[in-house]
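Colleague: Let us go through this model together. I will ask, and you answer briefly.

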Amino acid sequence: MNETVFYFATTLGKIVVFTHLALILAALMVLGERRISAVMQSRLGPNRVGYGGLLQPIADALKFFFKEDVVPGQVEKVLYILAPAITVIPALLTIAVIPFGPALTIFGTEVPLVIADLDIGILFVFAIASLGVYGVVLAGWASNSRYPLLGGVRSSAQMISYELVLGLSVIGIFMSTGSLRLLDVVAAQQDGVWFAFSQPLGFLLFVICAFAETNRLPFDTPEAETELVAGYHTEYSSMKFAMFFMGEYTAMFVFAALISTLFLGGWDIPFVTAEQLAAWGNWGSLLGFVSFFTKCLCFMFFYIWVRWTIPRFRFDQTMALGWKVGIPAGVANIVATAFILLPPGTL
Amino acid sequence: MYDFMFVIFATFALVGGLLMVFHPSIVHSAFALVASLFGVAGLYWTLGADFLGVTQVVLYVSGVTVLLLFAVMLSDKTLGAVSILRCAAMGLVIGPLAMALMVTYRAIDGMVGTEGAALPDPAPTTPAIGDLLLQPEGYLVPFEVASVLLLIVLVGAVTLARPMADRQVSRKTIADRADAEARGDEGASAPQGEGA
Amino acid sequence: MLLDFHVVLVFLITGTLMVCTPLLLGALFRPKNRYPEKDMAYECGMDPEGEAQVRFDMRFYTTALIFIVFEAEIVLMFPWARVYASHPLKGLALVAGLIFGTIVFFGLVFDWAKGDLTWVKTFHHKRRVQG
């Protein structure tokens, strides 16, 4: 087969499969959230559509699709329409650098299960994730209404604050691996110990950031319904509202995947070495893929668990946690890692 | 593929730039600037400068522009009325000047007139940048001086912003607002003291 | 290839299409039933009054300013972290990084001491002066 054609076919295939995987997972996450929340509150949750409510996400999507799209008169049209798209696209784009499993062998050619294998993988994630803030600011501003504006401004301030903590918390990993490439990070964890154990402070900070960056409870002040109605998406309805929803849940999946990759060994299975996994060929790849997804799902359950466990922080508390605890702790983590990495007798 | 990338990203940069200059609303302009700066980042990627491209996104596309947006939203909307003619005149002066500078530099470099050479197989640039930053004969001193610069910016920024913040708060307290409303002063519609 | 940015571009285009399709396609099926109440900004049933795009607090601006400086610091730290483990002159790399980080961190400490990291700062003080 022609090499170029093969390359493009596999690349396009990966794009389609992985994005849909993420979207389906996001949809299931919505259902999971409702069901698990219900269990935690001794209720049933949606269980009528399909087996155990499994088809509920499809029903929801159809409903969004056929609902009237109310565009209030006061909005700034162009930016108002752009905002939901700008929320979803960065979230999707981050998937490009996440390695989903060990390389597959198709027709004798190795196909890595990552869409774009960038040398600066994590920096790319950092950059693209920072674009997500525009969707929120845009929505808040273009709605030309009070609650969305306050929500949007709050959200942007929160997101930029925690972005710093996010950046600081991962530097320790790259000091130890000596690479910014996510495949190398996974390889380093297969050979050694998971970074959750060797970088506990970085792990903790990253988890906190995952909650803050996705505006999840306990950091959901931007859309705190008791004070801001629905925050920046108050004025949105129908498919546009669904886009915000999708963007949020995709971002949650992306963060779960990042945590699995960076701190929980990626597709690494405990007590199984990379060579053993490779020896099983494509089945090994599949196994790695399953392992990776199990970790993602566990973390997504963790999101919901935290949601019904910890009450919402006040906005000033959120900001104080980011600036006065997160950043100094992140810097301390880097300094500690720098000293640990020194070979004995250097000083 | 590179041609394709170039065309797309250059379109982003140009259309964004034009929109930014000509759009009457200043908030729209700021968002057009986002597109334009992102296009430039893409051009860096096309040229194989991966680290530079990402830095462009992190610092300019997200950082500086968020700041700009906040500044715009903080200011009076009427500030948006800047004469396009004056901007165009300034552009007519600055554009050719920059062009002339670049050509002069290239002439000294001896690269004017050379056909665009084929791109070498691009390699990741981050390790090389890291090594240069840590070489005493390389960029070690500028690297450290950069931190001093950042420190100055940190101190300067808040020192300059504080008087404005104080003025804003003192002018727009809830008490003021109540007074203004009692006087029936329609013009003094105060903003929310968010988080206060 | 370690510079797969063209793939990213393809992905960007695919993603945009995936987002735009449901938005545009749905417009064919959706009911349209507008009346003046739907045209209003949502304020919990009250009639909106005055300008909605209010000028918000200066603190957000200060936060964004400090944010940019730290983002620049982090971006500069990345290449340093990338070569740190493999650098032949460990001591030099450590000291360079420490000096760099400490100097910027001083800035944070300064802002902290000045109260710019505290979200509810000037308000009470100023209010007393005013009242």
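Modeller: First, the ground rules. Residues are numbered from 1 along each chain as its sequence is written, with chains lettered from A and ligands numbered from 1 in the order in which they are written. This is a predicted model: local features need pLDDT of at least 70, side-chain atom pairs count only at pLDDT 80 or more, and totals for chains, interfaces and linings use all residues.

Colleague: How many helices and strands are there in chain B?

Modeller: Helices (H or I, at least four residues) and strands (E, at least two) are DSSP runs, numbered from the N terminus. Along the sequence, chain B reads α-α-α-α-α-α-α. The count is seven helices and zero strands.

Colleague: What percentage of the residues of chain B count as buried?

Modeller: A residue is buried if 20 or more other C-beta atoms, placed from the backbone, lie within 10 Å of its own; it is exposed if 12 or fewer do, and partly exposed in between. Chain B has 196 residues, and the buried share is 28%.

Colleague: Why is helix α6 of chain A largely enclosed by the rest of the structure?

Modeller: The buried residues of α6(A) include Leu182(A), Val185(A) and Gln189(A). They pack against α4, α5, α7, α10 and α11 of chain A. Helix α6 (residues 182-191) is largely enclosed because the buried residues number seven of the ten.

Colleague: Which residues does Ala257(A) touch, not counting those up to four places away in sequence?

Modeller: Ala257(A) lies in helix α10 of chain A. Ala257(A) is buried, with 26 other C-beta atoms within 10 Å. Contact means C-beta atoms, placed from the backbone, within 7 Å. By that rule, Ala257(A) touches Ile98(A) and Cys296(A).

Terms used. Contact = placed C-beta atoms within 7 Å.
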